[in-house]
Amino acid sequence: MLASWFLAGDERGNPDTALDRRRGDGRLWTTGNQVVALIHGREYFSRLLTTVESLDAGDLLLFTDWRGDLDQRLDGAGSEVGEVLGRAAARGITVRGLLWRSHLELLSFSSKPNRLLAERLVEAGAQVALDQRVRAGGSHHQKLVIARRGGDPDGGVAFAGGIDLCHNRRDDAAHAGDPQSQPIAKAYGDAPPWHDLQVEVRGPAVGDLEYTFRERWDDPTSLENPNPVRRLYYRLRPVATSTEPLPDPQQADPAPAGSHNVQILRTYPRRRWGPYPFARVGERSIARAYQKVLRRASRLIYLEDQYMWSIEVAELFAEALRRSPRLHLIIVVPRHPTQGGALSLPPNLVGRQQALQVCRDAGGDRVAVYDVENHAGTPVYVHSKAVTVDDVWASVGSDNLNRRSWTHDSELAVATIDDELDPREPRDPGGLGDGARVYARDLRLNLWREHLDWDGPDDDLIDPETGFALFRERAAALAAWHAGGRVGDRPPGRVVPHTPHQLGRVQQAWARSLYHAIYDPDGRPRRMRTAGRW
């Protein structure tokens, strides 16, 4: 059954990595894991703080990130990221990190924050490298933390998903926003409400995640920035241009910890100059996993995504809808992009407008798209990247549903199938004999309870058709309340039907070029791109 959902054999499509071969069992996944979904940054940050503070001298702490703010608090005073990781290095823990070096700060990226965090940690005794070994215009987007106890081979834990160690992320279910906020579009207010997910992983899959970190860390390609202006700047403010060897890996992965089967999925682009030794023609196992899973989808796909704006990606969902007449698709996206403005807004909108239309054309009223707001009516920025299919397969990661995440940047996702069958009806929603699985179903239900303000019996949410109808009913009631001037009590629920901004033909014409070239580039080799293969 697992080989019908997970990538198997040579389906990863990356012969250069030893990620799967190193175990010697012929599988591209591990068994016996425990995966816990941490919904919202506040819950994740609390678990991360407890984990790091429990480490002792001789232990190992590894992390990768797209952006890190040294003053971002994981909890109260004294829990700033720079302080917590710095204290860990100072008490003899081996702390190693890879932060995306980022584009220039004047382009609203993360160059300065990442540099400041790296400098603070290096001063404390860690080694943190600013990594710009990316495709032109690309980024390192993986968000990963691994903690391993030196004297306890089974004591490792990893955190992976969509949550960066930076401002805006420490929100909770109330969605009042993070007190340490980074401005985004004005509609989100001074403290943007933020919806996000991370997973906590224990068991053999921690070995796969550590190996993923080691592949990047051990890449012999220089960390030197190829841009001559940036190189001059880094001569004035030196940064590491190579990495020191890591402590030897453990001889065996951690022992079984639960009932979850886990497949680690990645994206790496093809780099013509300085190719990754562990992915010389790139890796697109995230895209390939979706391609395989969507061929099996029968009843319900639930997804939350920051973008969902590529026609090529949308076509895979459209094919599934056309193939399975009982299949329903619920998509939760942000109401507005992070950036507004006459120049930056249209390229952010044109891709989504087209992608959602592709899905709606294929599925009609079996497709529903929503955005989220808090109880004050402020839109919530949906940054999560989570998908469940037929309550069997679930994925949480750093990857968005677009070409950039599937081909161009570095990404990381944790796909999970629980061995434990869920006894609640329908026991086999897909009708393929796979059964509903506890982890995927509980992840979906936990997200739905929040979005719908649901305090009724789960039976009303579990069935794909009735759950789909309840989503639509509550979203319509809330939208009608807003349209009617907010008279009377606010209806329960936090989702409303998503209404994409409509662009005129002239806007679409110039925005589409920018969208393809800058916002959602394609990192596949030309032959693969032309053939429509991942």
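1. A residue counts as buried under 20% relative accessible area, as exposed over 50%, and as partly exposed in between. At 22% relative accessibility, Thr-243 is therefore partly exposed. The model under discussion is a predicted one.

2. Thr-243 belongs to the loop that runs between helix 6 (228-236) and strand 9 (260-268). Neighbours within four places in sequence aside, the contacts of Thr-243 are Gln-127, Ala-129, Trp-217 and Leu-223. With Trp-217 there is also a specific approach: the side chain of Thr-243 comes to 2.8 Å from the backbone oxygen of that residue.

3. The protein chain contains 15 helices and 18 strands. Its radius of gyration, 22 Å, is close to the 24 Å that the globule rule gives for 534 residues, so the chain is as compact as a globular protein of that length. The C-alpha trace spans about 60 × 50 × 50 Å along its principal axes.

4. Of the 534 residues, 60% count as buried. In soluble globular proteins, nonpolar side chains tend to be buried together. Here the largest nonpolar core holds 51 residues, and those touching the most other members are Ile-146, Leu-209, Phe-213, Ile-330, Trp-448 and Phe-471. Helix 11 (residues 438-452) gives the most to this core, namely 7 residues. Apart from it lies another core, of 45 residues, which includes Val-313, Leu-356, Val-369 and Leu-401.

5. Phe-213 deserves a separate remark. Beyond residues up to four places away in sequence, Phe-213 touches several others, among them Leu-62, Phe-63, Arg-96, Leu-144, Ile-146 and Leu-246. For the chain overall, 77% of the contacts with a separation of 6 or more join residues 24 or more positions apart.

Methods:
Residues numbered from 1 in each chain as written. Predicted model: local features only at pLDDT ≥ 70, side-chain atom pairs only at ≥ 80, totals over all residues. Heavy atoms only, no water. Core = buried A, V, L, I, M, F, W, Y, C linked by side-chain atoms within 4.5 Å. Buried < 20%, exposed > 50% of the residue type's maximum accessible area, 1.4 Å probe, protein only. Helix = DSSP H or I, 4+ residues; strand = E, 2+ residues; numbered from the N terminus. Contact = heavy atoms within 4.5 Å. Polar contact = N/O pair within 3.5 Å; in protein donor to acceptor, adjacent residues only side chain to side chain. Rg over C-alpha atoms; globule rule 2.2 N^0.38 Å.
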